[in-house]
Amino acid sequence: MTSDRTCLRCDWHGESDGPCPNCGAPLYELGKKPSGGTGAEARSHLEERNREAPSTAIVAPSSARPRPSSPPPPPSHEGVSEPTTTRSKSLLAIVVLFIVLAVAVGAWLNAHEAPTDVAAPQTPQAQPQPPPLTGSLVYAVPDGAGHSRLWRYDLETQTATPGPRVRRAIELIDARSVDHTWLGLTSELPNGHVQASVLHSILPDARPIPLVEGDVVSWGQQGRTVIAGRRGALGIGCRRSVSIIWARVNPPLRERKYADPALCGDLLSIGTDNLRTVFTLDRNGHVGIFAAGIGRIHRLLDGSAMVAVSALSDMIVVPQAALASLRPLPTRPEQEHADLLGAGLFFEGSGKGRPLPYGNGPFQFAIARVLAWSSNGSYALVVGDQGFDRGFYLLDTAGGDGLDAPRYVGPTSGIPYGTITLNDVVIVETAEGVFTWTGDELVRIQAPPVTPPPDGPIVWIP
């Protein structure tokens, strides 16, 4: 008996009692559960078909070029698509986590960043403060006709106390090489002379002890020695009496270093380097620098005048041509005079016996006055003019390795004064006040408001 059967191999359907009329494969009756052997054969045919189907779907003929723009066909097996889906979900979770972290970090940065559209609050600019200073400043202020009052200002505690009343002070010297409590003082006397004295303290009842007197006074470094030059009245012709007196502070000692009762000329300047007495003479119109010896003088340099000498025998000099007239160099700070052009440094062995000129480029340096020396004598604080900039300058006075150009410190006003501490801190005084130099600018030293401001010489002491 025939029945409705189906061929699973070639997809034939019809009535037949035997195998498939097309391919000879066994036929199956719809609605009837196949037997064990028949089911095994069916499974084998299904597996064979499934193996053949993907191979024919992904293998292209050798002559055909694959199209990269066309996506590959989706996998036909459920087992292949499952791991791909798992990896996609993991990747998506990582991307989402990264986005969440990026948003969180961005929000934190925005919360901690200063707003750009709102102006930051303006803070008042603090006044520059001087560097930490030790020791004290001793300065003079006018105190009646012909007198000065000394004041001591402690730089650490910023307190000021009055000191002794003295004859008008024109120079103060730190005499720490003799005693750390002593102070050298140059005062103006009623007869027009100047006098060098020593103060054993700066208490109000201290009294100066006179050392030497003359027309001009010059101290050795740290107040160990002092000299005074005396010039008599001009006599007949070009003759005048001149002399130089040297004094040691402690133990006291006085000596006459030079004397000429009938010099045809004048004594222009004096100085001491703690070993020698050095001075400038005008003799018959010829200017030269000399050193006092035993019973005679020794010529050091022709055609120049000495402005000052350091403890190391280095001299700041100017050419004779800078002297408008052959008169003594000014002995008082307030004396007005033209700055001396062409200043240079002279020491034994310098420039074949000639001064090394100061200057910067085409400009010569013009010097007015030496205010102070550094503790080792390697530079001097002066008032001068470089080109068109008049003010305080530091001059190199240790020119063995070449001479540095003058270094500008700041402008001057009124009668300028200055001092240098043991640690080589520069302090200057102008009509505007007292300032310390930081290397870049002048910073005001503010004294207590109840004390009078400095109006005279100033010196630093330990």
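Biologist: Contact here means heavy atoms within 4.5 Å. What share of the contacts with a separation of 6 or more joins residues 24 or more positions apart?

Modeller: 42% in this protein. Keep in mind that the model is predicted: local features need pLDDT of at least 70, side-chain atom pairs count only at pLDDT 80 or more, and totals for chains, interfaces and linings use all residues. Residues are numbered from 1 along each chain as its sequence is written, and side-chain values use heavy atoms, with hydrogens and water left out.

Biologist: How many helices and strands does the protein have?

Modeller: 2 helices and 32 strands. These are DSSP runs, numbered from the N terminus: helices are H or I with at least four residues, strands are E with at least two.

Biologist: And how much of the protein is buried?

Modeller: 39% of the 462 residues. Buried means under 20% relative accessible area, exposed means over 50%, and partly exposed is in between, with a 1.4 Å probe and protein chains only.

Biologist: Let's look at β9. Is strand β9 enclosed or open?

Modeller: Largely enclosed by the rest of the structure, because 6 of its 6 residues, 194-199, are buried. Both faces are covered. Val-194, Ala-196 and Val-198 are on one side, with Gln-195, Ser-197 and Leu-199 on the other.

Biologist: Which strand does β9 pair with over 6 bridges?

Modeller: β8, residues 183-188, in the antiparallel sense. Strands pair if DSSP finds at least two bridges between them. Ser-187 has Gln-195 of β9 as its bridge partner. The β8 and β9 hairpin has 5 residues between the strands, and Gly-192 there takes a positive phi near 95°.

Biologist: What about the link from β9 to β10?

Modeller: Antiparallel too, with 5 bridges to β10, residues 209-214.

Biologist: New topic. What is the strand order in the open sheet of 4 strands?

Modeller: β18-β19-β21-β22, with antiparallel pairing. At the edges are β18 (304-309) and β22 (356-357), each pairing on one side only. β18 meets β19, residues 315-319, over 5 antiparallel bridges. Ser-304 stands opposite Pro-319 in that pairing.

Biologist: Where does Thr-397 lie?

Modeller: In the loop between β26 (389-396) and β27 (407-410). Thr-397 counts as buried because its relative accessibility is 0%. Its side chain reaches the backbone oxygen of Gly-377 at 2.8 Å.

Biologist: Is Asp-266 buried or exposed?

Modeller: Buried, at a relative accessible area of 5%. Asp-266 lies in β14, residues 253-272. Its side chain joins that of Arg-231 in a polar contact of 2.7 Å. A polar contact is a pair of N or O atoms within 3.5 Å; within protein, one must be able to donate a hydrogen and the other to accept it, and residues adjacent in sequence count only if both atoms are side-chain atoms. Leaving out residues up to four places away, Asp-266 also touches Arg-240, Thr-280 and Pro-328, among others.

Biologist: How about Asn-274: where is its place?

Modeller: In the loop between β14 and β15 (277-283). Asn-274 is partly exposed, at 22% relative accessible area. Its C-alpha is 8.9 Å from that of Ser-310, 36 residues apart along the chain.

Biologist: Now aromatics. How many aromatic pairs?

Modeller: 5. Rings of Phe, Tyr and Trp (its six-membered ring) pair if their centres lie within 6.5 Å; planes under 30 degrees apart count as stacked, over 60 as edge-to-face and the rest as tilted. The rings of Phe-363 and Phe-388 have centres 6.2 Å apart and planes at 75°, so this pair is edge-to-face. Phe-363 is in β24 (363-373), while Phe-388, 25 residues apart from it, is in the loop between β25 (379-386) and β26.

Biologist: Is Phe-388 exposed or buried?

Modeller: Exposed, at 77% relative accessibility. Phe-363 is partly exposed, at 39%.

Biologist: Which residues form an aromatic cluster?

Modeller: Tyr-258, Phe-279 and Phe-290.

Biologist: Which ring does Lys-257 lie over?

Modeller: Trp-246, at 5.0 Å from the ring centre. Arg-369 has its charged end over Tyr-417, 5.6 Å from the centre. The rule: NZ of Lys or CZ of Arg within 6 Å of the ring centre and within 35 degrees of the ring normal.
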